[in-house]
Amino acid sequence: MKVPTHIAIILDGNGRWAKAKGLPRKAGHVQGAKNVEKICEEAYKLGVQYLTVYAFSTENWNRPQDEVDALMQLLRNYMKTCLKTAEKNNMCVRVIGDKSRLADDIRTSIAQLEEASKNNTGLHFQIALNYGSRDEITRAVKSIAKKVAVGELSEQDITEETIENELDTVGIPDPDLMIRTSGEQRISNYLLWQLAYSEFYFTSVPWPDFTKEELVKAIEAYQNRDRRYGLVKEE
């Protein structure tokens, strides 16, 4: 079975899952967070080397304040859990996105998690927090512009590699497969640069109900795609 090296997932449907069960939205987010750990383990067992999840977007700040507060508290708890999971599963964790808007204690927990897991050789797990691809690209352009302004870089030397080296995902291979749960068929400002040649898989299953079996379905769909780069079929 040809397994994607890198899978990116938009974790959608936590709130709808909770509503369907007569539960508060917070319950859906809690269940969704628990499912992340399960899918990380199952993905690695299947041979996936990189997994990136869209946990909190730059647009999510526009949600009701009580929901944002609940998500931030859930994030605090999840960072502690993830530290233990990373140690147990030899998982290398990295957070992408603009961390500057996150609370100090959350940024401290992120730094501790990344430092503690940086040499782990198992699954490379990326969490997109306060992430928006347009914001990421804008930050990259500003960084390059500063280098040009001080003479560190010439205009003529700017290449795709130059831009990639300024993105949050520097050093991480582009996703082979992007999965979005809960029925929506859009990418919502997620990894716009990195998904240029990725296969997309959409499922109506909400994220809390996304199981190993659903992951296998997505990988099987990926295997049946006619992967072509520059009109040359991938072997």
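**Close-up views of salt bridges and a helix pair**

**View 1. Glu-115 and Lys-118 pair up in a salt bridge, with 3.0 Å between the closest N and O atoms.** A salt bridge here is a side-chain nitrogen of Lys or Arg within 4 Å of a carboxyl oxygen of Asp or Glu. Glu-115 is partly exposed at 49% relative accessible area, and Lys-118 is partly exposed at 47% (buried means under 20%, exposed over 50%, partly exposed in between, with a 1.4 Å probe and protein chains only). This is a predicted model, in which local features need pLDDT of at least 70 and side-chain atom pairs count only at pLDDT 80 or more, while totals for chains, interfaces and linings use all residues. Residues are numbered from 1 along each chain as its sequence is written, and side-chain values use heavy atoms, leaving out hydrogens and water.

**View 2. Asp-105 and Arg-76 meet through their side chains in a salt bridge (2.6 Å, N to O).** The pair links distant parts of the chain, 29 residues apart: Asp-105 sits in helix 4 (residues 104-117) and Arg-76 in helix 3. Helices are DSSP runs of H or I with at least four residues, numbered from the N terminus. Asp-105 is partly exposed, at 39% relative accessible area, and Arg-76 is partly exposed too, at 24%.

**View 3. Arg-63 and Glu-67 form a salt bridge between their side chains (3.0 Å, N to O).** Here Arg-63 is partly exposed, with 30% relative accessibility, whereas Glu-67 is buried at 9%.

**View 4. Helix 2 (residues 25-46) packs with helix 3 (residues 65-89) at an angle of about 20 degrees, their axes 10 Å apart.** That makes the two helices roughly parallel (angles under 35 degrees). Axes are lines fitted to C-alpha atoms over the stretch in contact, and angles run from 0 to 180 degrees between N-to-C directions.

Note on methods
Angles under 35 degrees count as roughly parallel, over 145 as roughly antiparallel, 65 to 115 as roughly perpendicular and the rest as oblique.
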